[in-house]
Amino acid sequence: MRNLSLSLSGCVVCILLLAVTSCTDKYPVVNEGDIGQSSGSGCIDCHTNKELLMQVATPLPPDTGGSSSEG
Amino acid sequence: MVYVQSSFLTTPHGNMSCIHCHGGDETQNTKETAHVNIVSYPSTDPDKYCGSCHAGAVTSTGTSLHKTQNGYYTLFAKRAGFDLRTDANLTAEFNNECGKCHTTCGQCHVSRPVSVNGGFISGHEFRRTPSMTNNCTACHGSRIGAEYLGENAGYRADVHWLPNAKRCEFCHDANEMHGSGELYDTRYDARNTAMPKCEDCHANARTVNAYHQRHWADGEDKEEVSHLACQVCHSQDYKNCNACHTGGAGITGSSYMTYKIGKNPIKSDRRSYDYTVVRHIPVAPTTFASWGIDNLAQYDSEPTWKYASPHNIQRWTARTDTTGGGECWSKCHNNWVGSLKTYLRESDLENYERQANQNVVIPTN
């Protein structure tokens, strides 16, 4: 009887642990108003359109050779 | 041009609104109005944009040498006698020429570093592990990258890369990159235990042959024989610098390949070697003349041949290849002749460097 009680207690503890760990948010809580906004937003419409971006992009300044890897 | 691949939108970061990190106004339909108050590089303020989810990494990265650049500040202070950050003009000069090389979360995990002109690695996707060539060797390329990948003509790639394909993170893990939470003066700060050592993996090789036993002393033998850094035997020639890549004054030569053994200038419990390979760094007393410092007041306090960790390791090198026999003196121990070019001698130094390197050069007698 004692063993049965111990086994049942163990099972309950395991289930509680699994519930706690599995229900923890893996990713950040994002403001409700932000969720899903990227899809179909004005930003995404333009920034996933390579042809459009090439038309409106600001040309890079000429490379002056100043940047270099350090070591 | 900021082109976002649609695959990004299915990732955790892609599920967030663009303006959540970048600001701007997505309701506008022109580039100019949509980009008002845009934040191009959010992770320049990691506490605000990254810390709410990645608090641990953000906190410790505040102490990372990639972030603090303490290596520059420490060595400048030793040679100049004061902290350059106490002078607004010097700080501006530093930020203009050196400071732009520090990095942010995004410059390792999203794009190439700004100092090498940026650009997404993979269409704005966040990469847990940075790209070896687009991130690590994009900055650490002229010496470490070229050595490791075998890009120096006539020299082989590091054995850890070919054939073993060990990427940078195999040795330099996130704990080292993100910092420990403790501020270090330089990367070789003896307290920086996250900085890898060959012995971390190869400690068991200590007794595999007579050469290791003789030159890799430990315990009781330590007092009797010289203790060599692994690179002394297993490094190929490596690049030495003779000019600052940002321009500047003081020393204006070209880089060159060589190999020099010197006395360990940073001997500590962490790096207790008596001898190590040393690499030339391009600093002269007048290097910062264009910044208004005509002469570094304490130039002699730090050697210009520095402890080095060349990333071009081979089992068989000019020191270890004993094909055809030969004696110990034929490779290294003909010191009495003083002719071996592998030792750093006073004759290798410019006159102005001699005092600074007196504890590194190996006497000819």
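Author: A residue counts as buried under 20% relative accessible area, as exposed over 50%, and as partly exposed in between, with a 1.4 Å probe and protein chains only. This is a predicted model, where local features need pLDDT of at least 70, side-chain atom pairs count only at pLDDT 80 or more, and totals for chains, interfaces and linings use all residues. Side-chain values use heavy atoms, without hydrogens and water, residues are numbered from 1 along each chain as its sequence is written, and chains are lettered from A and ligands numbered from 1 in the order in which they are written.

Reader: What share of the 71 residues of chain A counts as buried?
Author: Chain A has three helices and zero strands. Helices are DSSP runs of H or I with at least four residues, strands are runs of E with at least two, and both are numbered from the N terminus. From the N terminus on, chain A reads α-α-α. The buried share of its 71 residues is 14%.

Reader: What share of the 365 residues in chain B is buried?
Author: Chain B holds 16 helices and five strands. Its C-alpha atoms fill a box of roughly 80 × 50 × 40 Å along the principal axes. Of its 365 residues, the buried ones make up 42%.

Reader: Which elements of chain B do the buried residues of helix 6 pack against?
Author: Helix 6 of chain B spans residues 70-80, and its buried residues include B:Tyr73, B:Leu75 and B:Phe76. Just after this helix, B:Gly81 takes a positive phi of about 90 degrees. Contact means heavy atoms within 4.5 Å. The buried residues of helix 6 pack against helix 5 (65-68), helix 7 (88-97) and strand 5 (305-307) of chain B.

Reader: Which strands are the edge strands of the open sheet in chain B?
Author: Two strands pair if DSSP finds at least two bridges between them. Three strands of chain B form an open sheet, antiparallel, in the order 3-4-5. Each edge strand pairs on one side only, and these are strand 3 (261-263) and strand 5 of chain B.

Reader: What is the bridge partner of B:Ile261 in strand 4 of chain B?
Author: Strand 4 of chain B covers residues 275-280 and runs antiparallel to strand 3 of chain B, with three bridges joining them. In strand 4 of chain B, B:Ile261 has as its partner B:Val277.

Reader: Why does B:Ser60 count as buried?
Author: B:Ser60 sits in helix 4 (residues 55-61) of chain B. Leaving out residues up to four places away in sequence, B:Ser60 touches B:His178, B:Gly179 and B:Gly181. B:Ser60 counts as buried because its relative accessibility is 14%.

Reader: Which helices of chain B are included in the cover over the buried residues of helix 9?
Author: Helix 9 of chain B runs over residues 132-139. Its buried residues are B:Met132, B:Asn135, B:Thr137, B:Ala138 and B:Cys139. Their cover includes helix 8 (105-109), helix 10 (141-149) and helix 11 (168-171) of chain B.
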